[in-house]
Amino acid sequence: MAIDSSDYPPLVVAYTGPYLAGVDEVGRGPLIGSVVAAAVILDPQAPIEGLTDSKKLTARKREQLDVQIRERALAFALAEASAAEIDTLNIYHATHLAMRRAIDALMPAAEYLLVDGNRLPGHALPGQAVVKGDARHPAIAAASILAKVARDAQMAELDLRYPEYGFARHKGYPTKEHLAALVAHGPLAEHRKSFAPVQRQLALL
């Protein structure tokens, strides 16, 4: 599997059973929409070549791997926390809520978690947080791919409804194009009202 872990110390996982779930999220930084999390239990008997950090893959390659993961994984689940939940909880807690929802939706259930980042999401299951985990373990990489494809699809759908904002291009991140569209057209209902650039525009209304 195409995991380049040469820049990191060897990953020692304190679990050897079959129900290890990789967990990752996409969408912490954008100004609009949900944060999307995925949890994946890979099947050791059905390996998938090419799994790595979703940001290192082309959109076409991500979509191809998304299909393979859905076909070959022992279990996978996607979940999200909405923009309203992000505004209520803050992005950190909303991200962990989305992760817990994805973990709880796995069938069969996970027994151990490998979570991308430096904090576990407060789930009852044992596990470990793995910095740069999407480049160090295939299950986390698979989760990052599912989450990225799902959130990009949401942005493509939003782009069809509001083409003047350019969501298909910037995916909701605070690019110059997105910030200019916010100024020109104002925030949408789907924007995260607690994020500073959106707050500034709302204050002008």
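Me: What volume does the second largest pocket have?

Reply: The second largest pocket has a volume of about 210 Å³, where a volume is the space filled by probe spheres set on grid points joined across faces, edges and corners. The model is predicted: local features need pLDDT of at least 70, side-chain atom pairs count only at pLDDT 80 or more, and totals for chains, interfaces and linings use all residues. Residues are numbered from 1 along each chain as its sequence is written, and side-chain values use heavy atoms, leaving out hydrogens and water.

Me: How is the lining of the largest pocket divided by class?

Reply: The lining of the largest pocket has 10 charged, four nonpolar and three polar residues. Of its 17 residues, E25, D53, K55, D116 and D134 lie nearest the centre. Strand β1 (residues 20–26) gives the most to this lining, with three residues. The space in the largest pocket is about 340 Å³.

Me: Why is α6 called roughly parallel to α7?

Reply: Helix α6 (residues 176–185) and helix α7 (residues 196–203) pack at an angle of about 15°, with their axes 10 Å apart. Angles under 35 degrees count as roughly parallel, so α6 is roughly parallel to α7. L179, L182 and V183 of α6 meet P197, V198 and Q201 of α7 in the contact (heavy atoms within 4.5 Å). Five residues of this contact are nonpolar, one is polar and none is charged.

Me: At what angle do α1 and α4 cross?

Reply: The axes of helix α1 (residues 59–72) and α4 come within 9 Å and cross at roughly 120°. The crossing is left-handed, which means that the near helix is turned anticlockwise from the far one by less than a right angle. Among the residues making the contact are R62, E63 and L65 of α1, and A142, I145 and L146 of α4. The contact of α1 with α4 holds six nonpolar and six charged residues, and no polar ones.

Me: Where does a cis peptide bond occur, and what is its omega?

Reply: The cis bond joins M107 and P108, with omega about 5°. P108 is placed in the loop between α3 (91–104) and β4 (112–116).

Me: What is the phi of K132?

Reply: K132 has a positive phi of about 55°, although K132 is not a glycine. Most residues other than glycine have a negative phi. K132 lies in the loop between β5 (127–130) and α4 (138–161).

Key: Axes are lines fitted to C-alpha atoms, for helices over the stretch in contact, and angles run from 0 to 180 degrees between N-to-C directions. Helices (H or I, at least four residues) and strands (E, at least two) are DSSP runs, numbered from the N terminus. Angles under 35 degrees count as roughly parallel, over 145 as roughly antiparallel, 65 to 115 as roughly perpendicular and the rest as oblique. Ala, Val, Leu, Ile, Met, Phe, Trp, Tyr, Cys and Pro count as nonpolar, Asp, Glu, Lys and Arg as charged, and the others, Gly among them, as polar. On a 1 Å grid over the protein atoms alone, a cavity is a set of points where a 1.4 Å probe fits but cannot get out, and a pocket is an open set with protein on both sides within 12 Å along at least five of seven lines; lining residues have an atom within 4 Å of a point.
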